[in-house]
Amino acid sequence: MSRRSFRRLTLDLCVTLVFLALLASVVAKLRQDEGAETLTGHARIIDGDTLAIGKARLRLLGIDAPERAQTCGDSPGWPCGMQARARLTTLIGRNAVVCRAEGRDRYRRWLAECRVEGRNLNAAMVREGLAVTSGAYLEEERAARTEKRGLWSGPFERPRDWRARHGEMAEPSHMSLTSIDDLLDRIRRWWAGEEQ
C-alpha cells in the first residue's frame, strides 16, 4: 500500500469515527427526550445530590456530592457532606423545584436535572465546589477547582471512593455525553493526570 493510500485510509477512518460518534450522540439525545418526565413540587433534601418530591426520590444527574457523614480536608476536617446538603437546601429555599428526569438509576431513583426559578441546581452545586462532576458540568468543575471553592479548597476523598471505603451504596456513573467535546476533554484531563 502506498503512503498516499495509507493516509487516505486513515483520514477516511477518522471521519467515519467522528460521524458515528455524532450519530450516537443524536440518538442518545432523542432517546432521552422521549423518555423524559417532568416532576414538580416542594422538595425534601436528603443530601447534596438527592432529594424527594412527594414519594419520588431524585438523584441530581451528572454530579456526585459528599455523603452526609463525609468530612473533607486535613484532620479533623470540615463536614463537607452536611455543608453540601445545607447549600442545596438554601438554593431551593421554599421554592418549588422543577426536575426533568431522564430515567432511573439502579436504586430506582429518578436521574434528573433540577431547577429553581430557572437556576440549574446540578450546575450550581458543582460550580460552588460542593459536588464533583460525574460526566457533565465540566466547565463548572474547572472553575471551582481553579478558584479553590468548596471541596477544592484542600484535600478530599471523592464521594464514590468514600462510599466504597465505608461500605455505602455505590453510585454508578450516570454520564450522558452532551457533546464530543466533553468526551475529548475528559480524555485529555485523564491523559494529563488531572482526573482524580
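## A walk through the predicted chain

Of the 196 residues of the protein chain, 37% count as buried, where buried means under 20% relative accessible area, exposed over 50% and partly exposed in between, with a 1.4 Å probe and protein chains only. The model is a predicted one, in which local features need pLDDT of at least 70 and side-chain atom pairs count only at pLDDT 80 or more, while totals for chains, interfaces and linings use all residues. Residues are numbered from 1 along each chain as its sequence is written, and side-chain values use heavy atoms, with hydrogens and water left out.

The secondary structure of the chain comes to six helices and nine strands; these are DSSP runs numbered from the N terminus, helices being H or I with at least four residues and strands E with at least two. Among contacts with a separation of 6 or more, 58% join residues 24 or more positions apart, a contact being heavy atoms within 4.5 Å. The accessible surface comes to about 11600 Å², and 56% of that surface belongs to carbon and sulfur atoms, the areas coming from the Shrake-Rupley method with a 1.4 Å probe and, for residues, with only the protein chains shown counting as cover.

In soluble globular proteins, nonpolar side chains tend to be buried together. Here the largest nonpolar core has 29 residues, and Leu51 and Leu58 are those with the most contacts inside it; such a core is a set of buried Ala, Val, Leu, Ile, Met, Phe, Trp, Tyr and Cys residues joined through side-chain atoms within 4.5 Å. Two or more residues are given to this core by each of β3 (50–53), β4 (56–60), α2, β6, β7 and α3 (121–127), and α3 gives the most, with five residues. Apart from this core lies another, of seven residues, which include Cys80, Val132, Leu151 and Phe156. Beyond its neighbours within four places in sequence, leucine 58 is in contact with residues that include Leu39, Asp49, Leu51, Ile53, Cys99, Trp110 and Cys114.

Helix α2 can be followed along its length and around its axis. At 1.5 Å a residue, the 13 residues of α2 should span 18 Å, and the end C-alpha atoms are 18 Å apart, which agrees; the expected span is 1.5 Å times one less than the number of residues. The buried residues of α2 are Cys80, Gly81, Ala84, Leu88, Leu91 and Ile92. Seen down the axis of α2, these buried residues fall within an arc of 115°, so they line one face of the helix, the arc being that of the directions from the helix axis to the C-beta atoms. Methionine 82 also lies in α2, but counts as partly exposed at 41% relative accessibility. Methionine 82 and alanine 69 are 13 residues apart in sequence and 7.1 Å apart in space, C-alpha to C-alpha. Just after α2, glycine 93 takes a positive phi of about 60°.

Some details of the backbone remain. Most residues other than glycine have a negative phi, and most peptide bonds are trans. The bond from serine 75 to proline 76 is cis, with omega near 5°, and proline 76 is found in the loop between β5 (63–64) and α2 (80–92). Arginine 108, although not a glycine, has a positive phi of about 70°; arginine 108 is found in the loop between β6 (97–104) and β7 (110–116), and counts as exposed at 56% relative accessibility. Lysine 148, likewise not a glycine, has a positive phi of about 55°. Lysine 148 is found in the loop between α4 (138–146) and α5 (159–165), and is exposed, with a relative accessible area of 55%.
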